[in-house]
Amino acid sequence: MIHHILPVGMLACNCSILGDEATREAIVIDPGDEIDRVRAILEQHRLQVKYIVATHAHIDHVGGIQKLQQATGAPVLMHAADLPLYQNLAVQAAWLGVEPPGAAQVKDFLKEGDMLQAGSLSLIVLSTPGHSPGSISLLLSGEGQKLFSGDTLFKGSIGRTDLWGGDYHQILTSIRNKLLPLMDETPVFPGHGPSTTLGEERESNPFLQGL
Ligand SMILES: [Zn+2]
Ligand SMILES: [Zn+2]
């Protein structure tokens, strides 16, 4: 399996490129910016993007989505509950003091239990609201299980809940019910910062103690 993590944009959002070596199909998670770098990786591995997925609609995760959609023709997918954020990228851009990026049409809305397949890769959608109403995590299933936790769970921390639609109680409930049941060995790739494992967070993340 091909897996590249590119920290992109001014907030260093981790964009993940997952590819199947046999079929050359790929899924791109959170193309927040720097689409030229994303495209270079795709070309280097001769990958065809099958899905573009946003873990949530904050600008640092979706800012490059229109460019990548236009370059690849792949469908854009996200959870419907983040549409208000997605439809207000101009407001989000103003907070950061940047030019508003374009927004590609959302092809399908993701919900709990949906499965996205690209060659032998399957990603299962976990609904994990709290950082935003439509925040999802993505679990790569089968051999080499991996969790893409968006801005829900970070190494040593959790996502902020003071932005529009955030809910502290809800993010803790999401983590307890959807993420903590996963195996300790599961590698976790957060939306920002270094990767970790579920066991490490279970043990040492101060926000998870007593959940
Ligand atoms: Zn966010
Ligand atoms: Zn973020």
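What follows is a short tour of a sheet, a metal site and one serine.

Guide: Some ground rules: this is a predicted model, where local features need pLDDT of at least 70 and side-chain atom pairs count only at pLDDT 80 or more, while totals for chains, interfaces and linings use all residues. Residues are numbered from 1 along each chain as its sequence is written, chains are lettered from A and ligands numbered from 1 in the order in which they are written, and side-chain values use heavy atoms, with hydrogens and water left out.

Visitor: In what order do the six strands of the open sheet run?
Guide: Strands here are DSSP runs of E, at least two residues, and helices are runs of H or I, at least four residues, numbered from the N terminus. Two strands pair if DSSP finds at least two bridges between them. In this model the order is β1-β2-β3-β4-β5-β6, with mixed pairing. β1 (2-8) and β6 (106-110) are at the edges with a single partner strand each, so one side of each has no neighbour in the sheet. From one strand to the next, the twist averages 25°.

Visitor: How many bridges join β2 to β3?
Guide: Four, and the two strands run antiparallel. Leu18 sits opposite Ile27 in β3. The two strands make a hairpin with five residues between them, and Arg24 in the turn has a positive phi of about 65°. On to β4: β3 (residues 25-29) pairs with β4 (residues 48-53) in the parallel sense, over five bridges. There, Val28 faces Ile52, and Glu25 has Gln48 as its bridge partner.

Visitor: Which strands does helix α1 lie across?
Guide: For angles, axes are lines fitted to C-alpha atoms, for helices over the stretch in contact (heavy atoms within 4.5 Å), and values run from 0 to 180 degrees between N-to-C directions. Helix α1 (residues 35-44) lies across β1, β2 (13-19), β3 and β4, at about 165° to β1. Helix α3 (residues 65-72) lies across β3, β4 and β5 (76-79), at about 155° to β4. As for cover, four of the five residues of β3 are buried, meaning under 20% relative accessible area with a 1.4 Å probe, protein chains only (over 50% is exposed, in between is partly exposed).

Visitor: Which residues coordinate the zinc ion (ligand 2)?
Guide: Donors are N, O and S atoms within 2.8 Å of the metal (3.2 Å for Na, K and Ca), and with water not among the atoms, sites may look incomplete. Here they come from Asp60 (OD), His61 (NE2), Asp151 (OD) and His192 (NE2), at 2.0 to 2.3 Å. Asp151 also bridges to the zinc ion (ligand 1), and the two ions lie 3.4 Å apart. Asp60 in helix α2 (residues 59-62) and His192 in the loop between β13 (187-190) and β14 (196-197) are 132 residues apart. Asp60 is buried, at 13% relative accessibility, and His192 is too, at 18%.

Visitor: Is Ser132 buried or exposed?
Guide: Buried, with a relative accessible area of 0%. Ser132 is in the loop between β8 (121-127) and β9 (136-140). Leaving aside neighbours within four places in sequence, Ser132 is in contact with His56, Asp82, Leu85 and Gly165.
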